[in-house]
Each structure stands twice: as C-alpha cells, then as structure tokens.
Amino acid sequence: MSWFKREDNEIVNDARKTVRTEGLWTQCGSCRQAIFKKDLEENLNVCTKCGHHFHINARWRIKLLLEPGYELVDLDLRSTDPLDFTDLKRYRHRLTEARKKTGLNDAIVNAVGMLGPHAVTVSAMEYGFIGGSMGAVVGETIARAVDRSLATRNPLIIIAASGGARMMEGIVSLMQMAKISAGVARLDDAKIPYISVMTDPTTGGVTASFAMLGDLNIAEPGALIGFAGPRVIEQTTRQKLPEGFQRSEFLLQHGFLDAIVERKDMKGYLVQALGWMGGGASVAKQETPALNV
Ligand SMILES: [Zn+2]
C-alpha cells in the first residue's frame, strides 16, 4: 500500500527545461542553443554561449578543486531504510537504482587532500542520487567530515546540491539538520574555517541548516537556493514571484550570500579565501585521522 497518492494535479515537467542528453549535441536549458557536448565538457559543463552552469557530479567537483593525490573517504555507509518506506516505489528499490546509477552508496562524497597550498576536508553532495536528498547517511558522512576537520584543524568545504531532507527517512532525515549544525558549531568553537558552496539546487533542510551556516557562504551563478521551491510558494501564496527569485543573484542582492563565483574561478577563489581565513596546515601529505564514531 502506498502512503501518499496524488490523484490529480500531477506535477507536469516543463518540457522546455528538459536537457536532451542523447547524441553529440545538447541543448542549453537557459539560452536554448545547441552546444557540442565535448565543448560543454571542456568548459566544465558551463554553456559556452551564455554561461549557464549545468549540473556536475560530486566526484567531478572534487577533482576540479583538489590537487591530484586526494583521497575519497567515508564511502561505505548505507541507509537501513529505517521506516521500511514505500511511496510510489519502495525506498529500498530507489536506493538500489540510485546506487547503480551513480556508483555511490548515498548522495555524498567526502574527500581529503590539498586545495592549492591548503590541506582541506571536502564534502560534496551528489544530486544524481535521489535528488541529493539528505538522510541519515548524508548526515553521518558530513559529521565525519566535521570530525576529520576537528582532528586535523583543516578547513571544511561543503558543496551543497540538494532538494532537501529525504522524506523517505522521515524524522530521521530532519534530525540531520540539527546534527550537522551542531558539528559546524564545534568547528566554529575550535576556530576552524567552514566554507559553504551552494550549487543548483540547494533547497529545503539543507538550506535551512548547514548550507547557510558557513563562515563564508558562496554560490555558483544562477543556482536555485531557497527553503520551499518557487512552485510551492506560488501555489501556497497564489502570487507570482519576482523575476529571478531564489536565484544566487537575488540572494546576493538581499544579503544572503557573500559572493557568486563562477565554476572556472571557484578553485582560485577558495585558495585565496582560505589564505585570508588561515587555511589548513600546508603539508605535502595529509594524514587520515583515526575516527572515533
Ligand atoms: Zn546557454
């Protein structure tokens, strides 16, 4: 038996937003122009015509930031499906599919390595895994990244890409907001820098917790960042939202972000920011701390 069934008002995907991925060409979701896929990839998945930032996966993000020789860590946690949840499909089937599709156990990848001259811990969310939703595994994995930063005094960078809390884990997913926020507060007490990088989309419980708690909160251009999505707000308030509402540029204007940084400039920006903030020890090889979890 499914718990929720939507009989009418099916949410219809706006066909214009669909990016075709077959063949050698793809269409930009922003300027509608056809782009040669290879050019797009070489340009870090940023439209060569209009600068629209397409999604990239967690592993690619880490590769773009860290020097060769970095290490992916904390990859083996798996959700136990605590509620034995079924909506349109069984949650465990969704997990199996997502694992197959992404090659990851959940919507997050931790890495330790060097960002320019700074040793750092990076936690990158994977939107391709059930919309980057945050359940117990995402929460615990970020908590382990926090522990690594506390043990090494290396700054933490979290790259958010998430639709919010994972509803299939109910209250367990909501608890992660408090858990990660408490971890980030410990970094603050220890005076270890934490930089939050928001990418498209960063919404729901992720925005409402750690994504907005960085010592520095920065975002990629044009990223959707908010709590409830614009469609939900429009349907609730029955009002048309202003142009560009909940996009990075709007948030910067209204004081929610410190900066908007293009993908190609992200590494340089972070190196510089960590320099000002007193980044991690400039050591050639970072030792992986023993975890006490
Ligand atoms: Zn474009």
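I'll start with Met-175, which sits in helix H5, residues 170-189. Bear in mind throughout that this is a predicted model. Met-175 has a relative accessible area of 51% and is exposed, because the cut-off for that is over 50%. Together with Ile-171 and Leu-174, Met-175 makes up a nonpolar surface patch of about 320 Å² accessible area.

Next, the metal. Which residues hold the zinc ion? The protein donors are the SG atoms of Cys-28, Cys-31, Cys-47 and Cys-50, at 2.3 to 2.4 Å from the zinc ion. The angles among the four donor atoms run from 107 to 111°, and the site is tetrahedral. For reference, the ideal angle for four tetrahedral donors is 109.5 degrees. Along the sequence, the donor residues follow the spacing C-x2-C-x15-C-x2-C. Cys-28 is in the loop between strands S1 and S2, and Cys-47 is in the loop between helices H1 and H2, so this pair ties together parts 19 residues apart in sequence. Cys-28 is buried at 0% relative accessible area, and Cys-47 is buried at 2%.

Last, some backbone details. Most residues other than glycine have a negative phi, and most peptide bonds are trans. Leu-44 has a positive phi, near 60°, and lies in the loop between H1 and H2. Ile-130, in the loop between strand S5 and helix H4, also has a positive phi, near 45°. Leu-44 is partly exposed at 22%, and Ile-130 is partly exposed at 21%. Finally, the peptide bond joining Asp-200 and Pro-201 is cis, with omega about -10°; Pro-201 belongs to strand S7.

Methods: Residues numbered from 1 in each chain as written. Predicted model: local features only at pLDDT ≥ 70, side-chain atom pairs only at ≥ 80, totals over all residues. Heavy atoms only, no water. Patch = residues over 30% accessible without salt bridge, like charges linked within 9 Å, V, L, I, M, F, W, Y side chains within 5 Å. Areas by Shrake-Rupley, 256 points an atom, 1.4 Å probe, with all protein chains shown as cover. Salt bridge = Lys/Arg side-chain N within 4 Å of Asp/Glu carboxyl O. Helix = DSSP H or I, 4+ residues; strand = E, 2+ residues; numbered from the N terminus. Buried < 20%, exposed > 50% of the residue type's maximum accessible area, 1.4 Å probe, protein only. Donors = N, O, S within 2.8 Å, 3.2 Å for Na, K, Ca; no water. Tetrahedral: all angles 85-135°; square planar, octahedral: opposite > 155°, others 65-115°.
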